[in-house]
Amino acid sequence: MSDMGSENKIDDVGWYNHDSQDQPLSASPSTQIHNQQHQHSKFLTLPTVLTLGRVAAVPLLVATFYADSWWGRTATTSIFIVAAITDWLDGYLARKMKLGTAFGAFLDPVADKLMVAAALILLCSRPLEVAMSGEVPWLFTVPATAIIGREITMSAVREWAASRNSKLLEAVAVNNLGKWKTATQMISLTILLAARDSSLEGPGILVPSGVILLYISAGLSVWSLAVYVSKIWKVLLK
């Protein structure tokens with residue numbers, strides 16, 4: 001989720017800074033109040049509100065996951081699906097309606113990482129049985145470690161690149177490989193969360209499919225990390 005659209009949400013921040021710099025040095029109290037309300041409305045834009053909703057949904061995801069009832073399993077899957085949809089929607093709205101802000105660009109990948117990490121940890125805590133191999137303790141732990149480890153590493157690398165120069169920052173810009181990684185990640189986690197619902201038909205197919213996609217996502221995560229490191233290395237050698 002963090003690589004799908006969040007890089008586009010900061011494109012329009014320039015006009016925000018420009019507007020704030022063009023305010024007169026002295027203004028009447030009513031003008032100052034109006035300016036404060038205007039800046040507040042820019043801070044809490046619709047895309048940012050949707051992103052904040054994803055952050056707030058993480059505790060609900062955890063609570064419903066451990067609710068031993070049919071509605072708990074359905075609610076968990078529904079929360080994750082809605083979060084995945086809003087991840088795409090807030091990026092689309094930020095670009096289409098020019099509502100991108102610096103705070104939104106910062107918060108969006110954080111919300112994505114929190115939701116994905118929570119889902120992975122929850123699945124590791126109660127691993128599903130795969131028809132072919134039964135319950136394997138490390139089946140979800142291995143891809144979860146690869147995915148979460150990659151996200152932590154990339155967050156640190158991007159923060160370091162931003163503090164150095166623009167060429168390094170361009171080297172770690174989100175690419176199509178990262179978007180494919182996120183897509184397979186979201187689909188696999190949705191399938192695995194939905195497979196916990198015993199009322200669904202074909203759980204014997206859902207779980208293996210979700211596991212395969214999760215391992216593909218983990219492979220893409222490691223691959224994309226290697227690509228970013230290679231680009232950084234080339235920039236440093238110049």
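These legends accompany several close-up views of one predicted model.

The model is predicted, so local features need pLDDT of at least 70 and side-chain atom pairs count only at pLDDT 80 or more, while totals for chains, interfaces and linings use all residues. Residues are numbered from 1 along each chain as its sequence is written, and side-chain values use heavy atoms, with hydrogens and water left out.

**Figure 1. The whole chain, to get your bearings.** The secondary structure of the protein chain comes to 9 helices and 0 strands. Here helices (H or I, at least four residues) and strands (E, at least two) are DSSP runs, numbered from the N terminus. Read from that end, the elements run α-α-α-α-α-α-α-α-α. Of the 238 residues in the protein chain, 42% are buried; buried means under 20% relative accessible area, exposed means over 50%, and partly exposed lies in between (1.4 Å probe, protein chains only). Contact means heavy atoms within 4.5 Å. Among contacts with a separation of 6 or more, 80% are between residues 24 or more positions apart.

**Figure 2. Spans that carry a record annotation.** An unreviewed UniProt entry gives the annotation "transmembrane region" to residues 43–64, 70–89 and 205–229. UniProt positions are given in the numbering used here, feature names are shortened, and annotations may be inferred rather than shown by experiment. In the model, residues 70–89 are 100% helix and 0% strand, and their end C-alpha atoms lie 29 Å apart. Residues 205–229 are likewise 100% helix and 0% strand, with 37 Å between the end C-alpha atoms.

**Figure 3. The largest nonpolar core and its neighbour list at Phe80.** A nonpolar core is a set of buried Ala, Val, Leu, Ile, Met, Phe, Trp, Tyr and Cys residues joined through side-chain atoms within 4.5 Å. The largest one has 29 residues, and Leu61, Phe80 and Leu189 touch the most other members. At least two residues each come from α3 (46–65), α4 (70–96), α5 (102–125), α6 (141–164), α8 (176–194) and α9 (203–237). The largest share, 7 residues, is supplied by α5. With neighbours within four places in sequence left aside, Phe80 is in contact with Leu61, Met115, Ala119, Met186, Leu189, Thr190 and Leu193. A second, separate core has 9 residues, including Met154, Val157, Ala161 and Val172.

**Figure 4. Helix α3 and its kink.** The 20 residues of α3 should span 28 Å at 1.5 Å a residue, and the end C-alpha atoms are 28 Å apart, which agrees. The expected span of a helix is 1.5 Å times one less than its number of residues. A kink of about 30° lies at Ala57, shortly before the proline Pro59; the bend at a residue is the angle between axes fitted to the seven residues ending there and the seven starting there. The buried residues of α3 include Arg54, Ala57, Val58 and Leu61.

Figure 5. Thr77 is found in helix α4 and counts as buried because its relative accessibility is 11%. A polar contact is a pair of N or O atoms within 3.5 Å; within protein, one must be able to donate a hydrogen and the other to accept it, and residues adjacent in sequence count only if both atoms are side-chain atoms. The side chain of Thr77 reaches the backbone oxygen of Arg73 at 3.2 Å and that of Leu193 at 3.3 Å. Beyond its neighbours within four places in sequence, Thr77 is in contact with Thr190, Leu193 and Ala194. Ile81 also lies in α4, but counts as partly exposed at 35% relative accessibility. Ile81 and Thr190 are 109 residues apart in sequence and 6.7 Å apart in space, C-alpha to C-alpha.

**Figure 6. Thr184 on helix α8.** Thr184 lies in helix α8 and is buried, with a relative accessible area of 12%. A polar atom of its side chain lies 2.9 Å from the backbone oxygen of Lys181. Leaving aside neighbours within four places in sequence, Thr184 is in contact with Leu213, Ile216, Ser217 and Leu220.

**Figure 7. Helix α6 and Gly219.** With 24 residues, α6 reaches 34 Å from its first C-alpha to its last, close to the 34 Å expected at 1.5 Å a residue. Its buried residues include Pro143, Arg150 and Glu151. Gly219, in helix α9, is partly exposed, with a relative accessible area of 39%. The C-alpha atoms of Gly219 and Pro143 are separated by 8.2 Å, although the two are 76 residues apart along the chain.
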